[in-house]
Amino acid sequence: MAAARHRIEVAALTGDPVPDPPRVAWRKQMRQRVLDAARDLTCEAGWDQVSLLAVAVRAEVSRPSVYKEFGNRAGLGRALVVRETQQFLAGVADVLYPGVPDSHACLRVAILYVLQEADNQPLIRAVITAARKGSDSLLPYLTARADPIFDAGQTLVQGWLATRYPHQHTESVQMAADVIVRMTISHLILPTDEQHLTAQRLATAALKLLQ
């Protein structure tokens, strides 16, 4: 115990990160291997064809370890989408902040980034492609209103709108953020026009709510 406390104190003084205990480090590595395996299998065959056994075999871990970490297949699917979407939203945040001075142009570029980048992200592309064919049960994790993924997107956009329109009522900002996220996801699943035109129209429609 004294040695462990000393390592923590030294790390705090030097700024070096405190290494995880072996058991914690192994669990983190195992979790990432399982999520990587689930992502790869989903990209190859679609989430509907992914089983916990197949994931365990691909990740080279035991099936009980997968069950213990994620609970069940739904838990694994949720964790997978949370991880991938967090990375995706980090890219969106880089577009919004600080962003170009013109708010309409900044929002248009961010929406266009989402529409284009979704085609470049293997997992999101696989889910959307399957959804357009009327399949794939992983889609609800990307679109459900009560899901943290939807809320994360709304929180990001709402925070950006609040910095650009500080005198607007909170309710109006929330409404605009909801429209932006909901409509962008809708156009990901069912595109109706060229991406740059869609981004232009969505930005215009959403910001009219703040005028």
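User: Is Glu 69 buried or exposed in this model, and how should I read its accessibility?

Analyst: The general idea is that a relative accessible area under 20% is read as buried. In this predicted model, Glu 69 has a relative accessibility of 15% and therefore counts as buried. The residue belongs to helix 4, which covers residues 63-70.

User: Which residues is Glu 69 in contact with, once its neighbours within four places in sequence are left aside?

Analyst: Those residues are Arg 27, Met 30 and Arg 31. With Arg 31 there is also a polar contact, formed between the two side chains at 2.7 Å.

User: Where does UniProt place the "DNA-binding region", and what is the helix content of that span?

Analyst: The UniProt entry, which is unreviewed, places the feature at residues 51-70, and such an annotation may be inferred rather than shown by experiment. In the model, residues 51-70 are 80% helix and 0% strand, with the end C-alpha atoms lying 13 Å apart.

User: In which loop does Glu 60 lie, and what is its phi?

Analyst: Glu 60 sits in the loop between helix 3 (52-59) and helix 4. Its phi is near 60°, which is a positive value in a residue other than glycine. Glu 60 is exposed, its relative accessible area being 71%.

User: How is a pair of aromatic rings described, and how many such pairs does the structure hold?

Analyst: In general, a pair of aromatic rings is described by the distance of the centres and the angle of the planes. This structure holds one aromatic pair. The rings belong to Phe 88 and Tyr 113, whose centres are 6.2 Å apart and whose planes stand at 35°, so the pair is tilted. Because Phe 88 lies in helix 5 (residues 73-96) and Tyr 113 in helix 6 (residues 103-120), the pair ties together parts that are 25 residues apart in sequence. As for accessibility, Phe 88 is buried at 7%, whereas Tyr 113, at 23%, counts as partly exposed.

User: Which residues does the cis peptide bond join, and where is Pro 98 found?

Analyst: The cis peptide bond joins Tyr 97 and Pro 98, with omega at about -5°. Pro 98 is found in the loop between helix 5 and helix 6.

User: How many disulfides does a search of the whole structure find?

Analyst: The idea is to look for a pair of cysteine sulfur atoms within 2.5 Å, and the search of the whole structure finds zero disulfides. Taking two cysteines by their accessibility, Cys 43 is partly exposed at 30%, while Cys 106 is buried, with a relative accessible area of 2%.

User: What separates the C-alpha atoms of Gln 174 and Gln 158?

Analyst: A distance of 6.1 Å separates them, although the two residues are 16 residues apart along the chain. Gln 174 lies in helix 10, which spans residues 170-189, and counts as partly exposed at 38% relative accessibility.

User: How many helices and strands does the protein chain have, and what share of its residues is buried?

Analyst: The protein chain has 11 helices and zero strands, and 39% of its 211 residues are buried. Among contacts between residues at least 6 apart in sequence, 69% join residues at least 24 apart. The accessible surface of the chain comes to about 12000 Å², with 57% of that area belonging to carbon and sulfur atoms.

Methods. Residues numbered from 1 in each chain as written. Predicted model: local features only at pLDDT ≥ 70, side-chain atom pairs only at ≥ 80, totals over all residues. Heavy atoms only, no water. Helix = DSSP H or I, 4+ residues; strand = E, 2+ residues; numbered from the N terminus. Phe/Tyr/Trp six-rings, centres within 6.5 Å; stacked < 30°, edge-to-face > 60°. Buried < 20%, exposed > 50% of the residue type's maximum accessible area, 1.4 Å probe, protein only. Polar contact = N/O pair within 3.5 Å; in protein donor to acceptor, adjacent residues only side chain to side chain. Contact = heavy atoms within 4.5 Å. Areas by Shrake-Rupley, 256 points an atom, 1.4 Å probe, with all protein chains shown as cover.
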